[in-house]
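Reader: I have the file open and want to go through a few local features. Can we start with a helix?

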Amino acid sequence: MEPLPVTSLYLHVPFCAHKCEYCAFYSHAPSGDLVNRYIQAVIKELELVAAQVKPRTIFFGGGTPSLLNLQQWGAVLKAMERLNLLGATEWTVECNPATVSLDKAKLLRDFGVNRVSMGVQSFDPALLERLGRIHSREMVFKSYDTLRAGGFSNINLDLMFGIPGQTMKIWHDTLKEAVHLAPEHLSSYEVIYEEDTPLFQQLQAGEFEVNEELACEMYDALLHVAGENGYTQYEVANFGSGALNHGVPEFACKHNLNYWQGGFYVAVGPSACGFEPDGTGNSLGIRTRNWSNTQMYCELIEKGTRAIESTERLDNLHRASEIAAFGLRMNTGWKLGHFTELTGYNLQQEWKNEIEDLTSRGWAVLRNDQFHLTSKGMRFADAAAELFLRA
C-alpha cells in the first residue's frame, strides 16, 4: 500500500543581513552568487521530495526568507507551482521588518502565501540595538501596513522578554504597542542563552545577570495583556485570536500544531530538520537533518542526492515519548484516548510516576480523560516535558 503523502513542508532560508546576538539557528550573511546557487539547489531538493508531499501547511523559516529578492522568490514559487506544491491551507513566511516591500508582499500573496510571521522582538530602539536587530521601530509599523496593503489578513508578531536591560515598563509598552496593531497572532519567547552566541558569552563574562523573578513577572504580564485583548494562549509561547475549536483559536499556527501533535513533515534547505514516514506504512518515523553548511548542501544537491547529514529511526516508545512531551506544551494537553489511538501507549500507565510527580507539584491536572499542565506548570513546560522523554 502506498504511504499517504506528508502534509507539512518546511523550507529553511539560511541568509541573514546580520546575525542577532541571541541566535543559535544556522544562518549567515549572503555572499557572492551563493544565494542564487542555493535557490537552484532548493528547487532541486523540492523536485526530489515533491512526490511524497501534498502540503496543507508550508513554513518558510530562517534566517530571513524575506531577504530574497523578487527574482529569487519568483524562481522558487514558479518551481513549486510546476511541482504541484501550491494550495496549502496555511503558508507562512518569516519576515524581518527591514526587508518587506509591497511588490514582494503582492508576489507572495499571488502564489498563495497567506500568513506572515514578522520578527519584531521589541519596539524599544536600545533593545533592538542590544539584540543586534537590523530594523528600527519605525520599520515595524511601516512593514505591518505594507503587509496589510499587500493583502495579508493573517500576521504574527514575534516578541521577546527577559532581554538584558529590559524593564517591566518597557515590556508593558511593547505589549501595548503590539496589541494596538491588532495582529491575528502573537508569539512571545523568553530569551534563551544558547552556547556559541554573543549573548551567552556576555552572560558568562559577567556583563549582566539573569533576573528570573522579573522574567516570571513579564510572563504573567504577557498572559494578562494577551487575554485582555482577545488572544487565547494555546501553547507556551503562542497566542491566537478568533473562535475556539476544542480550545485552539482560529488563528493558531496550523503548521506548528502539527509539530506539537507528533505529525510528519518534510524539511528542505541547509540545516533543515524533518520527520518523515519510514516507508513501511506504520506510524514509525525517521528524523532527518540536512547539513548545516550551505556550500556543502548545494554541492550534494547538485549531484542529485538529498543533503542529509544524519537520520534517526525512532522506535515506538521513543516516538510516543516525544509526542507526549511536545503535546504538553499546549494548553489542552492530551486526551488520554486520543494519545492511545495516536501512539498505541496508555499515557496514564506508561508515565504513571511522571504524572503523579507533576500533579503533586501543582504543575499538571489529570481530570477524566484529559491531562494538561496548569498555568503554573506552563511556566516550566520544558522541564515538565523533559520528564516524559524516553531514549
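Reader: What span should helix α5 have at 1.5 Å a residue, and how far apart are its end C-alpha atoms?
Author: Bear in mind that this is a predicted model. Helix α5 covers residues 137–149, and its 13 residues should span 18 Å. The end C-alpha atoms are 19 Å apart, which agrees.

Reader: Which residues of α5 are buried?
Author: V140, S143, Y144, T146 and L147. They lie on the same side of α5, because the arc they cover around the axis is only 165°.

Reader: And which are exposed on the other side of α5?
Author: E138, K142 and A149 are exposed there.

Reader: Switching to S187. Where is it, and is it buried or exposed?
Author: S187 sits in strand β6, residues 185–190. S187 is buried, at 4% relative accessible area.

Reader: Which residues is S187 in contact with, leaving aside neighbours within four places in sequence?
Author: N156, L157, D158, L159, A237 and N238.

Reader: Last topic: what is the strand order in the open sheet of 3 strands?
Author: The order is β12-β13-β14, with antiparallel pairing. β12 (273–277) and β14 (308–313) are the edge strands, each pairing on one side only. From one strand to the next, the twist averages 25°.

Reader: How many bridges between β13 and β14?
Author: 5 bridges, with β13 covering residues 285–290. N290 stands opposite I308 in β14.

Technical notes: Residues numbered from 1 in each chain as written. Predicted model: local features only at pLDDT ≥ 70, side-chain atom pairs only at ≥ 80, totals over all residues. Heavy atoms only, no water. Helix = DSSP H or I, 4+ residues; strand = E, 2+ residues; numbered from the N terminus. Expected span 1.5 Å × (residues − 1). Buried < 20%, exposed > 50% of the residue type's maximum accessible area, 1.4 Å probe, protein only. Arc of directions from axis to C-beta. Contact = heavy atoms within 4.5 Å. Pairing = 2+ DSSP bridges. Axes fitted to C-alpha atoms, helices over the stretch in contact; angles between N-to-C directions.
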